[in-house]
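Please look at the sequence and the structure first.

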Amino acid sequence: MQPHARSLLNESMRRLADGDRAAFEPVYAALWPPIGAFCRRMLRGEPDAEDAAQQALLKVFDRASTFEPEADALTWALAIAAWECRTVRRRRSRSREAPDEHAGSVAADAPTPEDEAIARDLEDAARDVLGTLSEADRATLSATVLESGGDPSVSGAAFRKRRERAFARLREAWRRIYGT
């Protein structure tokens, strides 16, 4: 920071410490770039650096009334920022969770092991129920699901009626075995 800019920061910080709210903007404009850069260097550019810089500035403004007029405002503010960076490091080291470097590679809608187990159970239940149906009903349902157009030996209306009856028997068998 240039000497002239530093003396303006010191003067603005003294005014802010005395309760002059108009000094907030010049103090913020002067401190945000160096505090942000300091936190990025201290925390090696990690996402927590931005949070630490914000917390440091909040504390600077919260504690402005304790600022000593003969002190250097930049040094005082950077000391607060250093404390915030150390706090972030301590918090990170105490965390028992290891960072998951593969978290971004897993799709958000990928099935969980529980979802896969439920799907397998449902498929097994469907096979059990289908096993209770006649061969004609299974063939009709299979043609419906595979959209093969039905049985070419019967008319469209006859096939639709067979499909309706096969689904009715499927629902009845499901209710008989699983109750719903």
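The axes of H1 and H2 come within 9 Å of each other and cross at roughly 135°. Axes here are lines fitted to C-alpha atoms, for helices over the stretch in contact, and angles run from 0 to 180 degrees between N-to-C directions. The angle makes H1 oblique to H2; angles under 35 degrees count as roughly parallel, over 145 as roughly antiparallel, 65 to 115 as roughly perpendicular and the rest as oblique. H1 passes H2 in a left-handed crossing. A crossing is left-handed if the near helix is turned anticlockwise from the far one by less than a right angle, and right-handed if clockwise. On the H1 side the contact is made by Leu9, Ser12, Met13 and Leu16, and on the H2 side by Phe24, Pro26, Val27, Ala30 and Leu31. Contact means heavy atoms within 4.5 Å.

The model is predicted: local features need pLDDT of at least 70, side-chain atom pairs count only at pLDDT 80 or more, and totals for chains, interfaces and linings use all residues. Residues are numbered from 1 along each chain as its sequence is written, and side-chain values use heavy atoms, with hydrogens and water left out.

Ser12 has a relative accessible area of 7% and is buried; buried means under 20% relative accessible area, exposed over 50%, and partly exposed in between (1.4 Å probe, protein chains only). Leaving aside residues up to four places away in sequence, Ser12 touches Ala23, Pro26 and Val27.

**The chain as a whole**

The chain has 7 helices and 0 strands, and from the N terminus on its elements run α-α-α-α-α-α-α. Helices (H or I, at least four residues) and strands (E, at least two) are DSSP runs, numbered from the N terminus. Of the 180 residues, 26% count as buried. Among contacts with a separation of 6 or more, 60% are between residues 24 or more positions apart.

**Helix pairs**

Two packed helices are described by the angle between their axes and the distance between the axes. The table lists the pairs treated in this report.

| Pair | Axes come within | Axes cross at roughly |
|---|---|---|
| H1 and H2 | 9 Å | 135° |
| H3 and H4 | 8 Å | 135° |
| H2 and H4 | 10 Å | 35° |

The axes of H3 and H4 cross at roughly 135°, which makes H3 oblique to H4. H3 passes H4 in a right-handed crossing. Asp48, Ala52, Gln55, Ala56, Lys59 and Val60 of H3 make this contact with Trp76, Ala77, Ile80, Ala81, Glu84, Cys85, Val88 and Arg92 of H4.

H2 also passes H4 in a right-handed crossing. In H2, the residues that meet H4 are Leu31, Pro34, Ile35, Phe38, Cys39 and Met42; in H4, their partners are Leu74, Ala77, Leu78, Ala81, Ala82, Cys85 and Arg89.

**Nonpolar cores**

A nonpolar core is a set of buried Ala, Val, Leu, Ile, Met, Phe, Trp, Tyr and Cys residues joined through side-chain atoms within 4.5 Å. The largest has 29 residues, of which Leu9, Met13, Leu31, Ile35, Cys39 and Val60 touch the most other members. H1, helix H2 (24–42), helix H3 (48–62) and helix H4 (73–94) each supply at least two residues of this core. H4 gives the most to this core, with 9 residues. Apart from it lies another core, of 5 residues, including Leu133, Leu141, Ala166 and Ala173.

Ile35 touches Ala53, Ala56, Leu57, Ala77, Leu78 and Ala81, not counting residues up to four places away in sequence.

**Cysteines**

How many disulfides does the structure hold? There are 0 disulfides, a disulfide being a pair of cysteine sulfur atoms within 2.5 Å. The cysteine sulfur closest to that of Cys39 is in Cys85, 3.6 Å away, which is too far for a bond. Cys39 is buried at 0% relative accessibility, and Cys85 is buried with a relative accessible area of 0%.

**Leu130**

Leu130 lies in helix H5 (residues 113–131). Its relative accessible area is 30%, so Leu130 is partly exposed. Leu130 touches Arg138, Leu141 and Leu170, not counting residues up to four places away in sequence. Leu130 and Trp174 are 44 residues apart in sequence and 8.9 Å apart in space, C-alpha to C-alpha.
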